[in-house]
Amino acid sequence: MSSSENPEIVERVFKDKDKDTDKDKEENDDKKDEQKGGFIEKVKDFIHDIGEKIEGTIGFGKPTADVSGIHIPHINLEKAEIVVDVLVKNPNPIPIPLIDINYLIESDGRKLLSGLIPDAGTIHAHGSETVKIPLNLVYDDIKTTYHDIKPGSIIPYKIKVDLIVDVPVFGRITIPLEKTGEIPIPYKPDIDVEKIHFQRFSFEETVAVLKLKLENKNDFDLGLNSLDYDLWLSDVNVGGAELEKSATLAQNGITHIDLPITFRPKDFGSALWDMIRGRGTGYSMKGNINVDTPFGPMKLPISKEGGTTSLKKNKEDGGDDDEDED
């Protein structure tokens, strides 16, 4: 039998040209995406490597910051002036700009004050700077917004600060900082002249002692250092006097203080006879007390309008000398 009688069988597969084209296109697209993705990653790695080499060679690094202190240089019944000290360290060989400072003061999660300080300065190369952030906390704004915050109380606070700096290689960096503490909502003390005790009585000059009652309505002690005041008896200004010794006004307590005064009874005219007879004498008192507190020194006003007090003479001057009578 010849070879032609045993033919070789060859299988032929006919491919769909359209499907084959689409498949090849998808494969090419995938390859392009892989190549593109690989290229981007390579660029990122290259930039990162270059950044690390620059940082290592030239010495670029991220700045650091810390709240080094909080001060209250001035506080009164209207507001508290707060200064936040932030120590910023720049490890870089060139100055870096402090672009913005964002700040927020809150108490128990409630915002008391917020704001932005733009263009806050420059931190010198290889150096450190203490950046002072001045804040004004106005008490009327707080009491109007949050009615449960009462005068005389102490409230907790949290200060949040974001420093935004621009550093070569790294770009813009935000450094978040926090600090907590307590701040008072001061309240002025009440004052009363319980009585005036004569030490030496004459029409030309009388030496007496004011028996004062001071009530501290704050949740913190007041260290009384000085008292500036004017006193009116029966509408006659008899001036004031200096505090002879310091005293502590205990929190939510009453303190009694003696103040020496000198005046001329004959200046009182017809009201003098009421004073001599021991009748109630009208008085008014206005002034300020300078005190130390756990939060710094304060100057608080004192005032009393339309009060009535009694005048007592020593026994040798014909009085009862009822020192223990209250």
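Let's start with an open sheet of four strands, which run in the order 4-3-6-7 and pair in the antiparallel sense. At its edges sit strand 4 (110-123) and strand 7 (171-184), each of which pairs on one side only. On average, neighbouring strands here are turned by 15° against each other, ignoring direction. Keep in mind as you look around that this is a predicted model.

What holds strands side by side like this? Strands of a sheet pair through backbone hydrogen bonds, either parallel or antiparallel. For a close-up, find strand 3 (residues 96-107), which pairs with strand 4 in the antiparallel sense over 11 bridges. Within that pairing, I101 has I117 of strand 4 as its bridge partner.

Now zoom out. The protein has 15 strands and three helices. Its chain counts 326 residues, and 35% of them are buried. The accessible surface is about 19,600 Å², with 48% of that belonging to carbon and sulfur atoms. If you take contacts between residues at least 6 apart in sequence, 68% of them join residues at least 24 apart.

Is T206 buried or exposed? Find this residue in strand 9 (residues 206-216). T206 counts as buried because its relative accessibility is 0%, and the cut-off for buried is under 20%. Leaving out residues up to four places away in sequence, T206 touches F198, R200, F201, I261, T262, F263 and P265.

Next come the charged side chains. Side chains of opposite charge can pair when their charged atoms come close. How many salt bridges does a search of the whole structure find? The search turns up 10, and here are some to look for.

One of them joins the side chains of K79 and E81, at 3.6 Å from N to O. K79 is partly exposed, with a relative accessible area of 28%, and E81 is partly exposed too, at 25%.

Another salt bridge brings together the side chains of D85 and K132, at 3.0 Å from N to O. D85 lies in strand 2 (residues 79-90) and K132 in strand 5 (residues 127-138), so this pair ties together parts 47 residues apart in sequence. D85 counts as buried at 7% relative accessibility, whereas K132 counts as exposed at 53%.

Finally, look at D192 and K304, which form a salt bridge with their closest N and O atoms 2.9 Å apart. This pair links distant parts of the chain: D192 is in strand 8 (residues 190-200) and K304 is in strand 15 (residues 298-312), 112 residues apart. D192 is partly exposed, with a relative accessible area of 25%, and K304 is partly exposed at 26%.

How values were computed. Residues numbered from 1 in each chain as written. Predicted model: local features only at pLDDT ≥ 70, side-chain atom pairs only at ≥ 80, totals over all residues. Heavy atoms only, no water. Pairing = 2+ DSSP bridges. Helix = DSSP H or I, 4+ residues; strand = E, 2+ residues; numbered from the N terminus. Axes fitted to C-alpha atoms, helices over the stretch in contact; angles between N-to-C directions. Buried < 20%, exposed > 50% of the residue type's maximum accessible area, 1.4 Å probe, protein only. Contact = heavy atoms within 4.5 Å. Areas by Shrake-Rupley, 256 points an atom, 1.4 Å probe, with all protein chains shown as cover. Salt bridge = Lys/Arg side-chain N within 4 Å of Asp/Glu carboxyl O.
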